[in-house]
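Take a look at the model below. This report walks through some of its helices, its core and its contacts.

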Amino acid sequence: MKLDPRVPAGPLAEKWDRCKMEMKLVNPANKRKYHVIVVGTGLAGGACAASLAELGYQVSTFCYQDSPRRAHSIEAQGGINAAKNYRNDGDSVERLFLDTIKGGDYRARESNVYRLAQNSVNIIDQCVAQGVPFAREYGGQLDNRSFGGAQVSRTFYCRGQTGQQLLLGAYSSLNRQIEQGNVKSHPRHEMMDLVVVDGKAKGIIVRDSVTGQIERHSADAVVLASGGYGTVYFLSTNAMGCNVSATFRAYKRGALFANPCYTQIHPTCIPVNGDYQSKLTLMSESLRNDGRIWVPQKPGDNRPPASIPESERDYYLERKYPSYGNLAPRDISSRAAKEACDQGKGVGQTGRGVYLDFADAIGRLGQRTIAERYGNLFDMYAHITGENPYQSPMRIYPAVHYVMGGLWVDYRLMSNIPGLFVLGEANFSDHGANRLGASALMQGLADGYFTAPYTITDYLAGVKPGSSDVKATEFAQAESDVSQRLKKLQDVKGKHSSQAFHRELGKLVWEYCGMARTKEGLTKALGLIPELRERFWKEVSVPGSGAGMNQGLENAARVADFLEFAEVMCTDAITREESCGAHFREEYQTEEGEAQRNDAEYSFVSAWEYAGEGKAPIWNKEPLNPEFVKPSVRSYK
Amino acid sequence: MKLHLKIWRQKGPTDQGQFENHTIDGIIPDMSFLEMMDVLNVKLASEGKQTIAFDHDCREGICGSCSMMINGRAHGPTRGTTCQTYMRNFRDGQTIVIEPWRAMAFPVMCDLVVDRSSFDRIQQAGGYVSVNVGGAPDGNSIPVSKVNADLAMDAAQCIGCGACVAACKNASAMLFVAAKVGHLGLLPQGEAEARDRVKKMVSRMDAEGFGNCTNHYECEAVCPKEISADFISKMNRDYLGATVFPKPM
C-alpha cells in the first residue's frame, strides 16, 4: 500500500499555517448537520469532543468507564511540557522540537513533532483559562519543573496529579457541551467494531456494559482516542481496563498499525513484589529532579542502604551520563537499571530494584519543601510498600508505561481509512521510538484541542452530512460479527479465567519483547503466542450471560484481542533489525551497550496491514526522510 | 491468610439482592483489597460461576472508580481508596462484609457496582468555566496567589468516588459539590460565573435526590483525598450570598 503522509510543503515553521490555509471550512449553519463519534474521553478524546461541539458539530462520546472523568489520562502524575520559556533558560519551539525528535531517537515524523511544539504554548493558556490549578510561585506566576531528556525547565504541573487536573479541565468543557445538548455522552459503552462503508469510516458497534445490548451508531466521521495497549504485558502502570480492542478492531477493518514494537518501559515504578500483583504503580519521573538513583558498587551487597557509605555507592546515571545525570531519558535510564540488576547489584528481596534517594534533597531543602513537591507520591509509596521514603530511599524498577506505537495516521491525524481519525496515545505519530516525560499530556491535548478540530472540519467539508445509516448491510454484518464473537467466548466453557491467560501472555511478551529483545527470543515468542491463543479458545471460562453486566465477558473479549495483537507486536520487533529508543535489540548495540540505530536501512515507519485470518500481516513502510535534523548518535553524556 | 467474606450480590437494578458467603485462603498481607477480590473471581470463574462485578480501573487511587463499603466503612479501615487498602490491615480468620455504596442517588446496578451518573449531571449543571478553545490569554497574564492556587488544588483533588455520600447518614453530596464550587470559586478565572454556578450545582444536587448536610463530617473522615469540610462552609456562604443578593453588590 502506498502511504501518503500528506505533509505540507515548505519550511518546517510554516507547514501548519500553510496546512490550515489549505484546508476547507464548513459553514456555521451546516456544522450541526454533521455527527462525529469520539471513542475514549481522556485528554485527546475529551478535548476533541468538547472542541468539535463548541464549533457546532453534533458529537457522541463513548467510554468504557462509568464517567468520562475516569479515563486513564487521569493517572498522569508529573506534568505537561510547553515551550513558554517563562524561566528565561533558553527554551523555544525549536528546542522543544529538537528535544522531542532526539528523544524519539529520530524515528518520528518531523512535521508532526514541530506542530506539537508549536501548539504546546496554546495548551497551557487554554488550561489556565479553564481553571486548571497549576502550581504557582509566590508572585502568582506559573511554576515549572524539569523532566528527563531536557536541559530547560518547561514542565507545568499540578502537584503530582497533573493528568487528573488537565483531564478534569477537558471534562468540564465536555460537561458544558453535554448540558447544552451538543454532546451525547455514552459511559459504560465499549467499542466492539468499526463500520466501514464504501471504504470510509461511518460508524461503530458498541456493547452497552450495563444491559449487554449490542448497538449500532453511525456518523460522518469516527475519532479513536482509545489510548494505548500497554496492558498487553498484563503488569503495567496502565489502568486495568486499558485495551487494544478499539484500535485492533480498526486494524482488522483495514487501518494500518504502526510501530507496535515501540513500547516504553518507565524507569521509576514500584518493583514487582509477588505473583498475585495486578498493577504496577508509577513513581513520577519528576522525582528525578530531586532524587538520586544508585545501587551498591559490590554485587550482592545486602546491607541496609543507610549503612552503605557514600564511597561504596554507584550513582550510575550521574556517572555514565554526567550532563543529564538523573534526568537521562526513560529508555536509557530503564536499561541502565536493568544492567545494574543483571550485574547482581539490584536491591530489595527480588534483586530487581534500585534506590531512588532523597536524603540529599531533604538535607538541602528540608522535608517540608519535598513534601510540598511530591507529598502525594511519597504517601502513595508508603501506602503500597509500608516503608517511609522520607527516612529510607525508595526502591524502584522499570515497568511498562506507555506505547509510542499505534494506528498509522497522516499529518492530519487521519488513518488510511478516510473518516477515521486517531488521536493521542492511540496513534503513532509524535514520539518516535521513545517518548520524553511530560509529552503525552501535551500530545493528547494538542491533538484534541488544536489539531483535530481543523483537520476533521476539512474532511467533513467534502462529505455529505447524514449519509451514514445504521440500516446499511455493513452495520448489520459488523453487529453480527460482534455477537458471534462474544457468543463463541461464552461457549468455550473451559476452566480458567481470562485473567489467567492474560497474566501468561504478559509474562511471555515481557520476557521476549520487553526491555531487551533478540531475534531468537522473538522467534520463540512468535511460536508460543499462537499456542497460548489456541489454549485460550479451548479453556477459557466466561460464566454468566451476555445480557446484563458481565465484567468477565468484557475482559475475555479484550484478552482475545491481545492474544492476536501480541503477534503483530513481536513481528514488528523481529523485523526491525536495529536498536532505537525503547526498542533495544541486543544484537545491535555499541561497545558501551547503547542502542545502535541503522539509519541507512531503518529510517522508516513500519505500518502493518491486516491480511486475513491466519495470514502474516503485510509490511508497509513510510520513509521518514529527515529534512531538518540530521540524525546523529543520541548522546546524553 | 484465610478470610470469610460476606458479599452483596445483585443481578441487576431491579433484583432484590442478598449477601453471599465465601471463604478464601492463601491471601497474602501485601495484596491490595482488589487483588484479594481478583483471587476470588479467578476461583469463581474456574468453577463456572458468575464473577462478582465491581468498579475499578487505575488501582492507584486516582480514577475514583473503586467503591466498596468494607465492614461498614467507605473504602475500608484505612484512609484511601479501596484499591489502596491492603490486606495487612485485616486479621487472619476475620469476617469481612463487602457492600456497594448505599444512597438513593446511587442506585445499585449489579453486585458492588452503583450508578454515579448523578455526579456527572451535577457537574454538567455548572461545574466549569465557560471558555471556548481558541481565545485564551497568555497563562501568566492571570496571576493567582499561591495561597489561593494551593487551596483550589486542595479542593480540585476530589476524585468523585462518592465515599462522602456513602458515609453520610443523609446521603448528602455536599462535600463533592463544595469541592468543585470551591476549586473554581477560588480562582479568578471562575469568579465571573461563581454566583450562578453555586446556585445551579446545588439545585441539581437536590434534584438528584441527595440529602442535606447536618454537619457530622463523616464525609471528611472517609474522603481518600482528605478534602476539608471547610469547603462546605465556604459553599454555604457562597450560596447564601448568591441567593440573598442575586445581583452582585
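A residue is buried if 20 or more other C-beta atoms lie within 10 Å of its own, with C-beta atoms placed from the backbone. Helices are DSSP runs of H or I with at least four residues, strands are runs of E with at least two, and both are numbered from the N terminus.

Helix α12 covers residues 440-460 of chain A and bends by about 50 degrees at Thr451(A). The bend is the angle between axes fitted to the seven residues ending there and the seven starting there. A proline, Pro453(A), follows within four residues.

## How the model is read

This is a predicted model: local features need pLDDT of at least 70 and side-chain atom pairs count only at pLDDT 80 or more, while totals for chains, interfaces and linings use all residues. Residues are numbered from 1 along each chain as its sequence is written, and chains are lettered from A and ligands numbered from 1 in the order in which they are written.

Helix α6 of chain A has 18 residues (162-179). The expected span is 1.5 Å times one less than the number of residues. In α6(A), 17 of the 18 residues are buried, so the rest of the structure largely encloses it. Gly181(A) follows α6(A), with a positive phi near 85 degrees.

## The nonpolar core

Which residues touch the most other members of the largest nonpolar core? They are Val223(A) and Leu407(A), in a core of 281 residues. Such a core is a set of buried Ala, Val, Leu, Ile, Met, Phe, Trp, Tyr and Cys residues joined through C-beta atoms within 7 Å. Helix α16 of chain A (residues 551-575) gives the largest share, 14 residues.

Leaving aside neighbours within four places in sequence, Val223(A) has contacts that include Val36(A), Cys48(A), Phe421(A) and Ala452(A). Contact means that C-beta atoms, placed from the backbone, lie within 7 Å.

## Where the chains meet

Chain B brings 69 residues into contact with 66 residues of chain A. On the chain B side, α1(B) gives the largest share, eight residues. That side has 29 nonpolar, 26 polar and 14 charged residues. Here Ala, Val, Leu, Ile, Met, Phe, Trp, Tyr, Cys and Pro count as nonpolar, Asp, Glu, Lys and Arg as charged, and the others, Gly among them, as polar.

Conventions
Buried ≥ 20, exposed ≤ 12 C-beta atoms within 10 Å, placed from the backbone. Contact = placed C-beta atoms within 7 Å.
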